Amino acid sequence: MKSYIGAIDQGTSSTRFMVFDKSARVVALAQAEHEQIFPRPGWVEHDGLEILRRTREVIAEGLAQRGLQAADLAAIGITNQRETTVVWDRKTGEPIANAIVWQDTRVSEDVARFAADGGQDRFRARTGLPLSTYFSALKLGWLLANVRGSREKAIAGDLLFGNIDTFLVWNLTGGAAGGVHVTDVTNASRTQLFNLQSLDWDPDLLAAFDIPRAMLPRVCSSSEIYGEAAVSEIKGVPIAGILGDQQAALVGQACFQPGEAKNTYGTGCFLLMNTGERMVPSKCGLLTTVAYKLGSQPAHYALEGSVAIAGALVQWLRDNLGLIQRSEDVETLARSVTDNGGVYFVPAFSGLYAPHWKENARGVIAGLTRYANKGHLARAVLEATAYQTREVVEAMEADAGISLANLRVDGGMVVDELLMQFQADILRREVLRPVIQETTALGAAYAAGLAVKFFSGLEELRTNWAVARTWKPRLDEASREQLYRQWKKAVVRSLDWADSQI
């Protein structure tokens, strides 16, 4: 039996390739960032071909680290930034434009136009999603309306649509020379074109958004063999798992039972709770989404709270203000002060997601005095992620009728001890970091491994999960509630800031 399983983790800011053994230990890891393109305020784009190049580069680098060959891999899984929208030419493989990233807000006027007929929740019963700039359907519609000749080519079947998972699978399995055009149920459920009950594209939604069916990928489970890689680095290796990044982290955290939840601290912040085979409609501003579908087994669903800006705020502090040289320096700067100095940062750069869903909110720094310094600002940056997480936890507990005993965490920011302690303090819950922190890539590896029998089943995956670090709440109740009240006041000041033209 082959000894290793691979995972491509294509995120918002970088792409990683990881190799795991049967004990879920990381044996190789390579990572490369890609350019963040901001053509106008509120617009966020990626170069799809750059992402493809970075993917192939990190695969080659990761294998070379341990002297591995394609033949050493039982399969490869893919996990990806969700909702980011790519349209490309079936014959040439060339994207018709840059990918429109999930954070992009250019379709805000379209959101208002659609909401005027039936409200923001007019599609929620079918899709589990409110109308928002977040999801793929309106982004796809924008490309078809604004790239000359694209709608005609799409109707003729000459253009293909996909999120990043679909774009990568198509290219890695042959591209224009026979590439497989597929997605999985988790990514499909983020397009606002997918029916959560039928688990397929919804004809009424396609008509409402005016999307040609011919350009959509075939929807598959999250764990099956989609095709074999045709590129030289991994030629012949089965591509056998696809999961959107947050669902992948749920699987990587072994949250297979209803009520189990995880929070991923990455570019954004995403809390998912497994609700089993039952869809739970949200009344508190959360999303209902597909958690995973493993082969022929029934789909499992999840409640999700999505926060647009978490780690991206640290990058903003680094790249736009120059207050730190490296992202990891934010903790040191924040520790230079003992508290936030009364400063609160609401990072509504692309509106507010769960539980508010306010497209016209914008970022606000509140509570500034001459006493405030860059240390207080750094601390406010970290605390913003913890406050937003508490808002989502409260909404999730109300929707699910379940009080979380603790919070399983993963993602790049969980190495920040100050943030994790504050998260425990403001939640008044224990925060648990697992031994294996690369849970997103691990979830994709698990999905692929199950498909090719590299892993025997969910029980084997559960045995791999263990706690490495626990943070217990230490903050007194009065201080905790005072901080949260001030945060809520700052949120109110961020609302309704942008005019409809912005």
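**View 1. Salt bridges across the predicted model.** The model is predicted. The count of salt bridges comes to 36. Side chains of opposite charge can pair when their charged atoms come close.

**View 2. The salt bridge of D158 and K91.** The two side chains meet at 4.0 Å, N to O. D158 lies in the loop between α5 (150–155) and β8 (159–162), and K91 in the loop between β6 (86–89) and β7 (99–100), so the pair ties together parts that are 67 residues apart in sequence. D158 is partly exposed, at 23% relative accessibility. K91 is exposed, at 62%.

**View 3. The salt bridge of R326 and E328.** The closest N and O atoms of this pair are 3.4 Å apart. R326 is partly exposed, with a relative accessible area of 47%.

View 4. The side chains of E477 and R428 form a salt bridge at 2.8 Å, N to O. The pair links distant parts of the chain, 49 residues apart. E477 belongs to helix α16 (residues 477–494), while R428 sits in the loop between α13 (417–427) and β22 (430–434). E477 is partly exposed, at 36% relative accessibility. Salt bridges also join E477 and R428 in a network with R390, E394, R480 and E481.

**View 5. Helix α9 packed on helix α14.** Helix α9 (residues 245–252) and helix α14 (residues 439–451) pack at about 80 degrees, their axes 7 Å apart. That makes α9 roughly perpendicular to α14. From α9, D245, A248, A249, V251 and G252 take part in the contact. They meet T439, T440, L442, G443, A444 and Y446 of α14. The contact residues divide into 6 nonpolar, 4 polar and 1 charged.

Methods
Residues numbered from 1 in each chain as written. Predicted model: local features only at pLDDT ≥ 70, side-chain atom pairs only at ≥ 80, totals over all residues. Heavy atoms only, no water. Axes fitted to C-alpha atoms, helices over the stretch in contact; angles between N-to-C directions. Helix = DSSP H or I, 4+ residues; strand = E, 2+ residues; numbered from the N terminus. Parallel < 35°, antiparallel > 145°, perpendicular 65-115°, else oblique. Contact = heavy atoms within 4.5 Å. Nonpolar A, V, L, I, M, F, W, Y, C, P; charged D, E, K, R; others polar. Buried < 20%, exposed > 50% of the residue type's maximum accessible area, 1.4 Å probe, protein only.
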